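Q: Hi! I have a protein model open and I'd like to talk it through. Could we go step by step?

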Amino acid sequence: VQNFLSKLGFEVRAAETGEAGLAMAAQHGADLALVDLRLPDMSGLDVISRLAESGEDIVMVMMTAYPEVRT
């Protein structure tokens with residue numbers, strides 16, 4: 001996804017963990033956050049919740065390879 005969006009001309013930043021992504025968004029801002037449900041250090045739901053609490057106008061998309069309908 002990162003390579004595809006970069007080739008389309010978007011400025012893309014990627015983080016391996018939720019905390020790193022939150023720090024990156026706080027430092028650089030973001031228009032769009034693509035968040036995995038399962039991250040090494042926290043749930044993607046927690047990342048989205050914290051991004052929403054920031055008050056920034058960020059479009060957030062949850063992605064996952066795990067078909068858990070209840071989540």
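This is a predicted model: local features need pLDDT of at least 70, side-chain atom pairs count only at pLDDT 80 or more; totals for chains, interfaces and linings use all residues.

Q: Let's switch to helices. Which residues are buried in helix α3?

A: Helix α3 covers residues 44-53, and its buried residues are Gly-44, Val-47 and Leu-51.

Q: Why do they line one face of the helix?

A: If you look down the axis of α3, the buried residues fall within an arc of 50°, so they line one face.

Q: Nice. What do the buried residues of α3 pack against?

A: They pack against α2 (18-28), β1 (32-36) and β2 (59-63).

Q: What's going on at the ends of α3?

A: Ser-43 caps the N-terminal end, with a side-chain oxygen 3.0 Å from the backbone nitrogen of Leu-45. After the helix comes Gly-55, which has a positive phi, near 85°.

Q: What about α2, which residues are buried there?

A: In α2 the buried residues are Gly-18, Leu-22 and Ala-25. They sit on the same side of α2, because they cover an arc of only 65° around the axis. What covers them includes α3.

Q: And the start of α2, what does Thr-17 do there?

A: A side-chain oxygen of Thr-17 reaches to within 3.1 Å of the backbone nitrogen of Ala-20.

Q: Which residue follows α2?

A: Gly-29 does, and its phi is positive, near 80°. Gly-29 lies in the loop between α2 and β1.

Q: Is Gly-29 buried, exposed or partly exposed, and why?

A: Gly-29 counts as partly exposed, because its relative accessibility is 40%, and buried would need under 20%. Here's another thing to check on your screen: Gly-29 and Leu-39 are 10 residues apart in sequence, and their C-alpha atoms are 20 Å apart in space.

Q: Now the core. Which residues make up the largest nonpolar core?

A: It has eight residues: Leu-22, Ala-25, Ala-33, Val-35, Met-42, Val-47, Leu-51 and Ile-58. The elements giving two or more residues to this core are α2, β1 and α3.

Q: Can we zoom in on Val-35? What is it in contact with, leaving aside neighbours within four places in sequence?

A: Val-35 is in contact with Gly-44, Val-47, Ile-48, Val-61, Met-62 and Met-63.

Q: Where is Ile-48, and what are its contacts?

A: Ile-48 is in helix α3. Leaving aside neighbours within four places in sequence, Ile-48 is in contact with Val-35, Met-60 and Met-62.

Q: Last one: where does Met-63 lie?

A: Met-63 lies in strand β2. With a relative accessible area of 34%, Met-63 is partly exposed. Beyond its neighbours within four places in sequence, Met-63 is in contact with Leu-34, Val-35, Asp-36 and Leu-37.

Q: How far apart are Met-63 and Arg-38?

A: They are 25 residues apart in sequence and 9.0 Å apart in space, C-alpha to C-alpha.

Technical notes:
Residues are numbered from 1 along each chain as its sequence is written. Side-chain values use heavy atoms; hydrogens and water are left out. Buried means under 20% relative accessible area, exposed over 50%, partly exposed in between (1.4 Å probe, protein chains only). Helices (H or I, at least four residues) and strands (E, at least two) are DSSP runs, numbered from the N terminus. The arc is that of the directions from the helix axis to the C-beta atoms. Contact means heavy atoms within 4.5 Å. A polar contact is a pair of N or O atoms within 3.5 Å; within protein, one must be able to donate a hydrogen and the other to accept it, and residues adjacent in sequence count only if both atoms are side-chain atoms. A nonpolar core is a set of buried Ala, Val, Leu, Ile, Met, Phe, Trp, Tyr and Cys residues joined through side-chain atoms within 4.5 Å.
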